[in-house]
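Open your viewer and get ready to click along. Each stop on this tour tells you what to select and what you will find there.

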Amino acid sequence: MGRTLKDFSLPISMSFRLFGALLSGLLVTELVYYYINLSFVLPVIVGILFTLMHALIQAYVLTMLTALFYGEVSEPPKKKERKKKNAKAPAGN
């Protein structure tokens, strides 16, 4: 039950994270356009640089999260090792 819940909740939480990241990037870019209305060149340059930086960071983070998620899902389950019972107790010093 716990594994099934985790398999469904991780993609949903990653999609919410992606939506929040894109929305925050849009809001910051709009704030730059709104507050720096003194020239036409500066907001365009800042907007382009911020959009590229934001896209690269989010692509890296989401790629790492996705790789981590697929790594956890695709690994085979670990087998439990049985402990061997020794006839002799370990000798102490």
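This is a predicted model: local features need pLDDT of at least 70, side-chain atom pairs count only at pLDDT 80 or more; totals for chains, interfaces and linings use all residues.

Neighbours within four places in sequence aside, Phe69 is in contact with Asp7, Leu10 and Pro11. Now pick the C-alpha atoms of Phe69 and Pro11: they are 8.7 Å apart, although 58 residues separate the two along the chain. Is Phe69 buried or exposed? Its relative accessible area is 12%, and because the cut-off for buried is under 20%, Phe69 counts as buried.

Next, colour the helix that holds Phe69, which is H2. This helix runs over residues 41-74. How far does H2 reach from its first C-alpha to its last? The span is 49 Å for 34 residues, close to the 50 Å expected at 1.5 Å a residue.

Stay on H2 and highlight its buried residues: Pro43, Gly47, His54, Gln58, Leu62 and Phe69. As you look at them, keep in mind that an α-helix has 3.6 residues a turn, so residues three or four places apart point the same way.

From that set, select His54. With a relative accessible area of 16%, His54 is buried. Which residues does His54 touch, leaving aside neighbours within four places in sequence? Look for Ala21, Leu22, Ser24 and Gly25.

Finally, zoom out to the whole protein. Of the 93 residues, 12% are buried.

Note on methods. Residues are numbered from 1 along each chain as its sequence is written. Side-chain values use heavy atoms; hydrogens and water are left out. Helices (H or I, at least four residues) and strands (E, at least two) are DSSP runs, numbered from the N terminus. Buried means under 20% relative accessible area, exposed over 50%, partly exposed in between (1.4 Å probe, protein chains only). Contact means heavy atoms within 4.5 Å. The expected span of a helix is 1.5 Å times one less than its number of residues.
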